[in-house]
Each structure stands twice: as structure tokens, then as C-alpha cells.
Amino acid sequence: MVSRRQFIKNTGKASFALWLGATSNGFANAAFITYAPSNFTPFVKIEKNGKITIFNTKPEMGQGTFQSVPALIAEELEVSLDAITIVQTSGEKQFGGGQAAGGSSSIRGNYDAYRKIGAAAKEMLIKAASVKWGIGIESCYAENGSVHSKLSKEHLSYGDLIEEASKLEVPKEPKLKNKSDFKIIGKSIQRPDVPLKVSGKAEYGIDVEVPNMVYATVFRSPVIGGTLKSFDADATLKIPGVIKVVEAKTTVGKYQYSGVAVIAKSYWSALQGRKVLKVEWETNGYENFNLSDYENKLRNLSKETGVLDKNIGNVESVKTEPGNSVESFYETPMVAHHTLEPMNCIAHVNGEMLTIWTSTQVPSAITGSGPNDLHSQIGMKPENITLHSKFIGGGFGRRLYTDYVIEAVNIAKQIEQPVKVIWSREDTTQHSAVRPMTFSQLKGGFSKEGELISFQHKVISPSYFDSVGPNFDKTKVDAIMIEGIGEQAYQIPNIKTSYVYADFHVPVAAWRSVTSSTVAFAHECFIDELAHKVKKDPLDFRLQMLDKDSDTKRVLLKLKEVSNWDKPLPKGKGRGVAQWEFFAGLCAHVVEVSVTKDNTIKIDKVYAVIDLGEVVNPDNVKNQIEGSIVMALTAAIKTGITIENGKIKQSNFHDNPMIRMHETPEIEVHILADGGKIKGVGEPGLPPFAPALANAIFSITGKRIKKMPFDLKLS
Amino acid sequence: MAIINLKINSKEYSIDVDPQMPLLWAIRDFVGLKGTKYGCGIAQCGACTVHLNGQPVRSCSLPVAAVANKNITTIEGLSDDNSHPVQKAWIEEQVPQCGYCQSGQIMAAAALLSKNASPNDADIDAAMQGHICRCGTYPRIKRAIKKASENKP
């Protein structure tokens, strides 16, 4: 049997490779075509019988990559989505380090590269047909999984051509289709995962069952930062079904934690065992930690200069007349991801071999084919790790972290069978890294003529990079924590953005749209304050600060049109606007509100405009934006995560509520896909929502909201 | 432990479990039907919704002993081929994102429509407000329920 690897032809830096698959009978009957820029390697496989498999390297967590990634390849390959089998990759080495979903990057980061995979394969198949027929390639074309001759009625299916095609050199720069010829991209085609998800057949990590499997639940320190002193498992071991009680260590960024795992024949038995487990924790002084004290600390830290981020012009040299400047301070909370599928992982350690079944945003990191590898943290060799990556019951950033996988592996090391560790909702709420709060100090100054000439935004917060890594340099800006605030398209002559680091012992995490979900609230509410200061329409005030050709201007002009901004609202109604551009993309909202008889704000309608450059599935984009607005509404008005006596106070949906159907406003989404920079879909709908809502509430109440979460019930 | 007889999707199962164990874990880990989901364990999110004698119930909060020999329907029992009007409407409206809550949402919607063939917005809100969709597909769920009510024979 010949190893596939021996057939790899490297053709220079782009590492285009053609793989001949050797099957059990030793006959090459499949071609694997890969295109591998720096960080990813998707696949196409065409078999002799005509079966076409497209390997999707981007985990599906609801954002639509199960279709959108294969769609880019299929478009250029000239096969319909109905004619392909999609296989989700699981961090296999040959697919490279880019098997990960986050940062709204799947399409925006790989739009041409994925298409080139399909286009290269198509060119090879056309070439093979032209050789077979003895005609020029210009006399051949590909359509519906076959190559056709323009000179006769002859055609050959891809399966019939694969043996010849696989002997050809892979084109380095295959020609891509014109947008006007697209049959898949830009069309709202039904997603292939939907039938699985309405029949209960979609398999999530928590649904996997493997032979001989046992279950575990973990009792972790209620006080964050507590360490395990001792445990007494006598009573636990008497519960029917309980097998073993072991220490369970894990790592969350720079933090190491220990819990106690109850392993049992069923999850229910494990839970009963945990109820009677006696554990003593060393709380290390963290039992005195209260969030309200920490928030005071952040307020005090706002007096510090901090570390400079962006410095345009010279804000210090700007002298404004008294009364021509505005200062403001905004505060936001910590929030939980609350993926509806709680954390869970099955691990099986068999000697040096490790098999993992789970839902993860980072398959590459688990198998060791990418950065932040798991293997170094669990003492296993990457080549001995096999992952089975499943549909994800919600990611939102939570499943970028592998703490729940490391913990499962450490438990599995202590028992022979495969073990499924299930976190309860309470475990998931109280022992997951949270989105950090950011506090913002803002200053703006106007010239005598009413032009905004200086703008300052200082962020005071714990540090993301300090939490996730051991060597954070506190003399430098944490780029995650000031995300976007120095990059808005507003043309203001003097801008200063800065960051004040605040020490924290609670692990913090990226949460859908990362820090933009909090700093945009401060930034865009403050822009609104500035507009009102000079008595300008808030949308016109923004437009006047934007260059003619900026994407932000294009978005706001579209929003102005679709929201009928210039048409006055009936008495008793108000509206607000906000936009945000950041690494993931660009979106803007107008929110319309009114006040109900019981003095509560009602959100009547939300208009959204998202700028994408190119769009793969418009209906899926609309679904994403609708969902982003609902999630942003939860973060804006529902209780965040708070800490009392060192413990996270919230535990489940009764005390950490989510928006429900009856609270969901009407949402109208517009997509701009007129070329230009390709932008992301999954996150940009969140950041502008809270400020647009708060600005709308100001427009009707005259009361400026400066703290999230805020109550829609007016006092 | 006790032997409990369950009737799920017209099939009978006999399992030896703690009678206090919630039906959810019996369905998932003893009967092996994984379409019914665990979300919160305290009847707050609706992901575990099944039908008990046609009524939507939270299987995470019902002791298995309390439902012995009663007619239980899970998402797998709604249809073999996504042919239930609610499933068809869910596909037409492309409702799911991550999909984890949708079994529960669909079971609730099916129960609503079996009692009320043409629900209005308020009826839908009332029937569905026990369900959380963290992805926020509520506008589509509502549209799909309306579509299913129109599609009903």
C-alpha cells in the first residue's frame, strides 16, 4: 500500500498539491485537490463513480459555513449543491491549521481561495477531456458535473475524467468565474443542515454515544480562583451507578483549575453522586471579591493616562472654548455566552492514543494542526490525537476555548472507558470565561464654528491577552480591548485612543463581536451626544464626518433611505442610529421606539444595513443579522454576570434571562454586496444595536443611557 | 432503581433506572433518542420539550416514573421524513441556525397547531415564550408557525 503523502507534488510556495488516493486494492481512483495558502487547506474529492465530496474545514455553529464554504468551491467546480456530499473535517493534519471558525472570518478570509480550489479542479477536468477528445480546451466547458464539447454533443462526467485529470499539474492561478455567471453564490439556496436540524438527526457533541461509555460531572470551586484542598467521596461511592471519583484539572488561558469528577454509569447517577460529595476548597482570599468593588476600581483607574493606542493630530493642543466640549463615562457588564448546548466532551485515552468527540470552534487546535495546540497542555503527541468534530449547539466564542476538552482528557486518563463529561447549565454559567466589561471615558471638542475637532476614547478594562496567555506586556495596548475605537471612518482632525489595564483574576473570553459589543455602545452613544450638543441630526452629523467613498458612508446612506429617516415619526415615537466597523465587518442600525401606557419602551422596528462586498447566501445573512440583534438586545437589557463573595451570582436562565419571542422586535435587514472589501457576517450585526437603541430612547425621553444593561421600564 | 415501562413514539421500552430520574435522560441515554435536548434542566428553555398525551411538556423536569405507560412523542416521532407541516414550514422558512433548540420549538409549535389551527401573534407568543433560541431565530419561528397553519390540510 502506497502512502498518499508520497504522491504530493509541491508546486512552489502556494503549496498547491494533488493527491492520488490509494485505496485498499491499491488502485488510484480518487483525486484530492488542495489549495493551501498560509493557514487553511480545504478539499475536494472526486471518485470514479462520480461521487463528489467537499470537505468543509469551518465548523458549523449556526453561522452557515456548512453550506457557504462548500458553495464557493462548488460554484467554480460547476456542480450543484444537491450533487455533492459535504464532510465536516475534524482537525486532520492534511487539512491544515485553519480548521477553526471565529472572527466572522470563514468567507471574508477565504473568498477567492476557496473558489480557486474548485476552479483548479475544473481546469484539470477540462484539460483531461480536451486531451481525450483531441480538441483544444477552448472547445470544452464544464457544467453540472460534466465536461462538454462545444464541437459535438460529446460529454464526460467528472468521474470518467478523474484518472486522467489527476495526472495533470494543478494550475496555480486558475481563472475564476465572472460574478454574472454565478449559479450558487448570491442565491438564497436552502441550507443542507436544516433538514437534519428539524428532524432531530443533527448530531451535536452532547449526542454522541460510543460503546462502553461512562458519564461524568465535575464539582468545581464555587469561588473563582479557589483551589482544591481535599474531598471525601465515601457517600458518593455508595450512590448506585457511581464508578469512581477523581480530581479533574483543566487550563483556561493562563489559569489552572482543579475540580472533582464523579464518574458514573449514567449522567443522572453522576449528578446524584455529586450532590453528596464533600469538597473543601482553599479560596485564597478571592471569597472577598465583589464586582461592585471592582467596578469602583475601574472608575478610579479612569484617572490614569494608560497606554496610547491611536494618536492622530494632537488632542492636547486643541483648545476649546468653555461650553464647546463634552465629556462622558460609559459602563458595560460582563456577560455569558450561554450556548444552548452546554459544554460537553467525550474523551477516551487508550495508552498513548486519545480520541475526542466534541463540538468545538477549533478542531485544528485540538489535534495539534494549528496554533494554541491542546497537546502541549495534556501531554499527548499530536499524531496520537483523533477528533470527531460535531455540529455545534452554539459557539459565540465560548467554544474557541478548550478548557472543557482538557478537563475531559484529564478525567479520561484516570479511567479505561471513554467518558462523556457534561456540564450542567449552572456549571456552564458559573465556570466559563466571560465577556469582560469595558468602561469608557470619552471627550469631544468643537471649534467655534461647531466642527468636531477633537475626540478621545479611553478604555478601562481587564485584559483579554492577559487572561489567555502567560506573558502579557502591560506596557502595551491590548488590541482586543480597544477594538475598533481608533478605526472608525469619521474624519476628525485630532483623535486619541488609549487603554488602561485593570488586573483581574476571572478568566475572560471573546464573546460574539468581542469587545466591539461593549466599546461600540460607548463610542456611538457619545457620537450621538456630540451631535445633540451642536443640535445636528445624529445621522447627518455622522455623514458629514465621512469621506464620500467610505464604506461607512455607503451604509449610512442606504440606512437613511430604507428607514425613511427623513420622514418625521408620529408623535410619541422616536428613533436612534448607530454604526460600527471593526475587524469582522460593518453594519448599522436604526431602531424605532415608542413608550407604552405602562411607561415602558417598546421597540417597534429595527432596520439593519450590512455591507459585505460579496454575499454567498442572502437569506442566511438575514437570519444572522436577525439573530445578532436578538442577542445584542439580551446583552443590552438583561442582567449580565455579576460576582458576589467571589462567586458568579447567576446560574441558569431564571436569573440570567435571555430575550424570548414575545420580546423580539420586527427586524428588516438590507444587504449591500456591491463589491469592495469582503466583510464578515456572523458578528457585525451586534455592536451597533445597543447604542442605536439607547440613542432612540434618548430621542424620546431626553435621558442619556450610559450604562448597560439598561431597563426598558422608565422610572 | 426500578423497572419503568415507557411508550415513546408508539414503541415500548423497559428501562431499569432511578424512578426520580427526569424523562429527558431516559429518552436520551437509556432509549437512545438524541433529538430531545438538554438545555437548562429547570424547565426554563424548552429544548427538552416532548408531547405527553399530546400536550407539550418539559422532559427535564418530569420524573420518569410519573410518565410510565403514557403516550410520549419526541421529535423523532413527529414524522420519519420531515413531512409534518411544522417541519416543512421550518425548512421553507430556513429557521434554524445552530439548531440545538429547534426540536423543542417544533414540538411546541406542533402542539399549538393541533389545538389552534390558526393562531394569531398573541397565541404564538403565549405558546412559544417558554422557549429560548440563543441564536435568535424567533422572527422565523413565528413566520414558520403561520406558514404551517396555512399549509395545514
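Trainee: Let's start with one residue. Where in chain B is the place of B:Asn82?

Mentor: B:Asn82 sits in the loop that joins α2 to α3 of chain B. Keep in mind as we go that this is a predicted model.

Trainee: And what is phi of B:Asn82?

Mentor: Here is the general idea first: most residues other than glycine have a negative phi, and most peptide bonds are trans. B:Asn82 has a phi near 60°, a positive value in a residue that is not glycine. B:Asn82 counts as partly exposed because 17 other C-beta atoms lie within 10 Å of its own.

Trainee: Which residue of chain A has a positive phi although it is not a glycine?

Mentor: Look at A:Ser104, with a positive phi of about 50°. This serine is in the loop between β5 (84-88) and α2 of chain A. A:Ser104 is buried, because it has 23 C-beta neighbours inside 10 Å and the cut-off for buried is 20 or more.

Trainee: What about the peptide bonds? Which form does the one from A:Met708 to A:Pro709 take, cis or trans?

Mentor: That bond is cis, and its omega is near -5°. You will find A:Pro709 in the segment that follows α17 (689-701) of chain A.

Trainee: Now a helix. How do I read the length of α2(A)?

Mentor: Compare the span with what is expected at 1.5 Å a residue. With its 23 residues, α2(A) reaches 33 Å from first C-alpha to last, close to the expected 33 Å. Following α2(A) is A:Gly134, with a positive phi near 65°.

Trainee: At what angle do helix α2 and helix α3 of chain A pack?

Mentor: For a helix pair, read the angle and the distance between axes together. Helix α2 (residues 111-133) and helix α3 (residues 158-165) of chain A pack at about 85°, and their axes are 8 Å apart. An angle from 65 to 115 degrees counts as roughly perpendicular, so α2(A) is roughly perpendicular to α3(A). On the α2(A) side the contact is made by A:Met124, A:Leu125, A:Ala128, A:Ala129, A:Val131 and A:Lys132, and α3(A) supplies A:Tyr158, A:Leu161, A:Glu164 and A:Ala165. By class, the contact has eight nonpolar residues, no polar ones and two charged.

Trainee: Let me zoom out. Into which domains is chain A divided?

Mentor: Chain A has domain 1 (4-198), domain 2 (205-285 + 343-422) and domain 3 (291-335 + 434-701). A domain may be made of separate stretches of the chain, as the ranges of domain 2 and domain 3 show. Between domain 1 and domain 2 of chain A, 17 residues of domain 1 are in contact with 20 of domain 2. The domain 1 side of that contact has four nonpolar, ten polar and three charged residues.

Trainee: How many residues of chain B are in contact with chain A?

Mentor: The size of an interface is often given as the accessible area lost when the parts come together. Here we count residues instead: 44 of chain B are in contact with 47 of chain A. On the chain B side, the elements giving two or more residues are α1 (23-31), α2 (75-78), α3 (85-92), α4 (102-115), α5 (121-128) and α6. The most comes from α6(B), with five residues. This side of chain B divides into 22 nonpolar, 14 polar and eight charged residues.

Trainee: Which residues of chain A is B:Gly136 in contact with?

Mentor: Beyond its sequence neighbours within four places, B:Gly136 is in contact with A:Glu626, A:Gly627, A:Ile629, A:Val630 and A:Met631. B:Gly136 is in the loop between α5 and α6 of chain B, and it counts as buried because it has 29 C-beta neighbours inside 10 Å.

Trainee: And B:Asn151, is it buried or partly exposed?

Mentor: B:Asn151 is partly exposed, because 14 C-beta neighbours lie inside 10 Å. It belongs to helix α6 (residues 138-151) of chain B. Leaving out residues up to four places away in sequence, B:Asn151 touches B:Pro85, B:Lys88 and B:Ala89. B:Asn151 and B:Val86 are 65 residues apart in sequence, yet their C-alpha atoms are 8.9 Å apart in space.

Definitions and conventions: Residues numbered from 1 in each chain as written. Chains lettered and ligands numbered in written order. Predicted model: local features only at pLDDT ≥ 70, side-chain atom pairs only at ≥ 80, totals over all residues. Helix = DSSP H or I, 4+ residues; strand = E, 2+ residues; numbered from the N terminus. Buried ≥ 20, exposed ≤ 12 C-beta atoms within 10 Å, placed from the backbone. Contact = placed C-beta atoms within 7 Å. Nonpolar A, V, L, I, M, F, W, Y, C, P; charged D, E, K, R; others polar. Domains from an automatic or database assignment. Axes fitted to C-alpha atoms, helices over the stretch in contact; angles between N-to-C directions. Parallel < 35°, antiparallel > 145°, perpendicular 65-115°, else oblique. Expected span 1.5 Å × (residues − 1).
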